[in-house]
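Could you take me around this structure in the viewer, one selection at a time? I am new to it and would like to know what to click on next and what I will find there.

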Amino acid sequence: MISVIEYYAKALTKSRASLISFAIRPLSFIFLLTVVSGGKLFPTALIGGMISFVTGIGIADLAIEIAGMKTRSKFYDILSTLPVHPLKLGLGISVGMSIPALPYLVVLIVTLTYVRGLSLLKIAQIILLLAFLWLWGVFVGLYIGVKLKEPIVIMRVSNITLTALTIFAPVYYPIEVLPSFAHKIILLLPTASCAYLVRSLYEPLSEWKIALASLTLWTLLFGVLAFRDGIFKEE
């Protein structure tokens with residue numbers, strides 16, 4: 001598992017262009033929202049950046065990588081036959097692919113801490129929430145990457161899913177700009193619920209229990225699906 005982590009971490013960090021392209025989308029949205037709002041949405045945009053980094057690793061990068069492994073049959077065969085539980089293998093790939101995101105996440109968390117004056121306990125809670133969302137994204141990526149057959153289909157599904165959950169959903173912007181009757185429904189989205197929970201650490205938000213239940217249930221649901229139908233099993 002350690003070798004798998006090292007392989008992906010080195011492969012994804014040796015190119016400066018790869019590191020920049022990995023971060024360009026979240027950082028561009030943070031910049032755009034901050035400029036357009038005159039700085040008012042800067043803290044929320046930082047949270048949106050964290051959510052995008054964490055979610056993108058599983059839903060986009062991991063799912064597409066698994067599809068690509070199928071076409072590189074020798075590499076896929078070697079990994080599939082390693083004496084390691086498929087879940088450990090999937091987590092190893094995910095951890096390795098997450099390494100390039102860590103510096104960006106640290107900067108975003110430190111910046112939010114400075115802007116909002118967060119305590120060490122609040123920082124630990126943010127990291128825990130992001131870890132939970134990361135795990136959900138990994139389960140989704142494993143499921144999509146194995147269940148769908150064609151890499152081009154996986155790329156399109158991943159792109160649509162990631163855009164819907166991180167751009168259209170209230171992740172970079174506060175949920176309060178949307179009609180109040182829709183708040184509880186929108187909080188059923190795992191990305192929106194995670195962003196809401198992070199905001200609730202420095203703002204009085206009343207629906208945090210719904211958000212916490214949503215994030216927990218989605219993670220458990222896709223964990224079960226990944227175990228049952230996904231991880232390195234062909235139909």
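Start by selecting helix α6 (residues 101-116) together with helix α7 (residues 120-147). Helices (H or I, at least four residues) and strands (E, at least two) are DSSP runs, numbered from the N terminus. In this predicted model, α6 and α7 pack at an angle of about 140°, with their axes 11 Å apart. The axes are lines fitted to C-alpha atoms, for helices over the stretch in contact, and the angles run from 0 to 180 degrees between N-to-C directions. α6 and α7 are therefore oblique to each other. For the wording of such angles, under 35 degrees counts as roughly parallel, over 145 as roughly antiparallel, 65 to 115 as roughly perpendicular and the rest as oblique.

Turn the view and you can follow α6 as it passes α7 in a right-handed crossing. A crossing is right-handed if the near helix is turned clockwise from the far one by less than a right angle, and left-handed if anticlockwise. Now show side chains: I109, L112 and T113 of α6 meet I123, I126, I127 and L130 of α7. Sorted by class, this contact of α6 with α7 has 6 nonpolar, 1 polar and no charged residues. Here contact means heavy atoms within 4.5 Å. Ala, Val, Leu, Ile, Met, Phe, Trp, Tyr, Cys and Pro count as nonpolar, Asp, Glu, Lys and Arg as charged, and the others, Gly among them, as polar.

A word on the ground rules before the next stop. Residues are numbered from 1 along each chain as its sequence is written, and side-chain values use heavy atoms, with hydrogens and water left out. As this is a predicted model, local features need pLDDT of at least 70 and side-chain atom pairs count only at pLDDT 80 or more, while totals for chains, interfaces and linings use all residues.

**Next stop: α7 and α8**

The crossing of α7 past α8 is right-handed. Look for W136, I144 and G145 in α7, which meet I154, V157, S158 and L165 in α8. The contact of α7 with α8 has 5 nonpolar, 2 polar and no charged residues.

Between α7 and α8, click on E150 in the loop. Buried means under 20% relative accessible area, exposed over 50%, and partly exposed in between (1.4 Å probe, protein chains only).

**Next stop: α10**

Select helix α10 (residues 190-199), where 10 of the 10 residues are buried, so the helix is largely enclosed by the rest of the structure. α7 and α10 pack at an angle of about 175°, with their axes 10 Å apart. That makes α7 roughly antiparallel to α10. I126, L129, L130, L133 and W136 of α7 make the contact with P190, T191, C194, L197 and V198 of α10. These residues divide into 9 nonpolar, 1 polar and no charged.

Zoom in on T191 in α10. T191 counts as buried, at 0% relative accessibility. Not counting residues up to four places away in sequence, T191 touches I51, T55, L133, W136, L165, T166, A169 and V171.

Then move on to S200, in the loop between α10 and α11 (208-230). S200 is partly exposed, with a relative accessible area of 22%. Leaving aside neighbours within four places in sequence, S200 is in contact with L205 and W208.

**Next stop: S52**

Find S52 in helix α3 (residues 42-71). S52 is buried, with a relative accessible area of 11%. Beyond neighbours within four places in sequence, S52 is in contact with P26, T166 and Y172.

**Last stop: the whole model**

Zoom out to see 11 helices and 0 strands. Of the 235 residues, 48% count as buried. Color by pLDDT, the predictor's confidence in each residue, from 0 to 100. The protein averages a pLDDT of 83, and 80% of the residues score at least 70. Among the elements, helix α4 (residues 73-81) has the lowest mean pLDDT (62) and α10 the highest (95). Where pLDDT is low, the predicted coordinates should not be read in detail.
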